[in-house]
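User: Can you walk me through this model? I'd like the core and then the sheet.

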Amino acid sequence: MTQSSHPPTEPLARIFAYRAIDLRDRFLQPLESFREALECLQSDRSYMAAMSGEIIAYLRGGYSLTIPDRFFIRLSGDIDATLVSSEENDTVCAKVEAWLRETLIRRGVDTTEAVPVGERPYSLDQLLAKCDLQAPHPDELKAWQDMPDVGREILDAPSEIDIWQAAERLLESREGAERWMTSPEIALRGRTPADVMIEEPQRVYDLIMRLEYGVYT
């Protein structure tokens, strides 16, 4: 990390790093500015940042401030959310800088009121609880499903191998997939995906696809 560009008397000089956090925690590196953290969440590499994104400012002395997501996430309805567009970054960065400066001045030099990192806005269990398997598919999925068959598409129900591979892709590891497949899920009426897969493989596969594509209603 480079030295802060702010003079020592500037409140923002007490911030030495930022960090962006998405649902899969893909951005482990410290960042020099809020703008860089915001651009991480806006990047193609980010996973469902609009649903679970956080940006944290780390202060000298072992404290941190979680920047309110109202600055960079737009809510619509109960759970629909989108990140601000890159065209808004200048405005968002200016507002966040003003908020940080005001907050640091108000909380004093020793930052004793700075709060540690809290829980993320949404956990996987919370997202699953909001999942409605009866909800209609998005238009792009409908268009794909309504396309005429071409070549040798497999129209059979997904196999156990298909489901396990999809779960591993979603959770990014075999261990994560095993934990999820053997844990009761609200979206499956308290049954485990592994149990439901025996009789209703399509139901489990559809749930995984909805989670992967961010379809919760």
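Analyst: A nonpolar core here is a set of buried Ala, Val, Leu, Ile, Met, Phe, Trp, Tyr and Cys residues joined through side-chain atoms within 4.5 Å. Buried means under 20% relative accessible area, exposed over 50%, partly exposed in between (1.4 Å probe, protein chains only). This is a predicted model: local features need pLDDT of at least 70, side-chain atom pairs count only at pLDDT 80 or more, and totals for chains, interfaces and linings use all residues. Residues are numbered from 1 along each chain as its sequence is written, and side-chain values use heavy atoms, with hydrogens and water left out.

User: How many residues does the largest nonpolar core have?

Analyst: It has 50 residues. Those with the most contacts inside it include Y18, I55 and L100. Helix α3 gives the most, with 6 residues. Helices (H or I, at least four residues) and strands (E, at least two) are DSSP runs, numbered from the N terminus.

User: Where does this core lie?

Analyst: Between domain 1 (11–115) and domain 2 (160–213), because both give residues to it. Those bounds come from an automatic or database domain assignment.

User: What is I55 in contact with?

Analyst: Beyond its neighbours within four places in sequence, its contacts include Y18, F34, L65 and F72. Contact means heavy atoms within 4.5 Å.

User: Now the sheet. What is the strand order?

Analyst: β1-β2-β3, in an open sheet with antiparallel pairing. Two strands pair if DSSP finds at least two bridges between them. The edge strands are β1 (15–21) and β3 (63–66).

User: How many bridges between β1 and β2?

Analyst: β1 and β2 (residues 54–59) pair over 6 bridges. I21 has E54 in β2 as its bridge partner.
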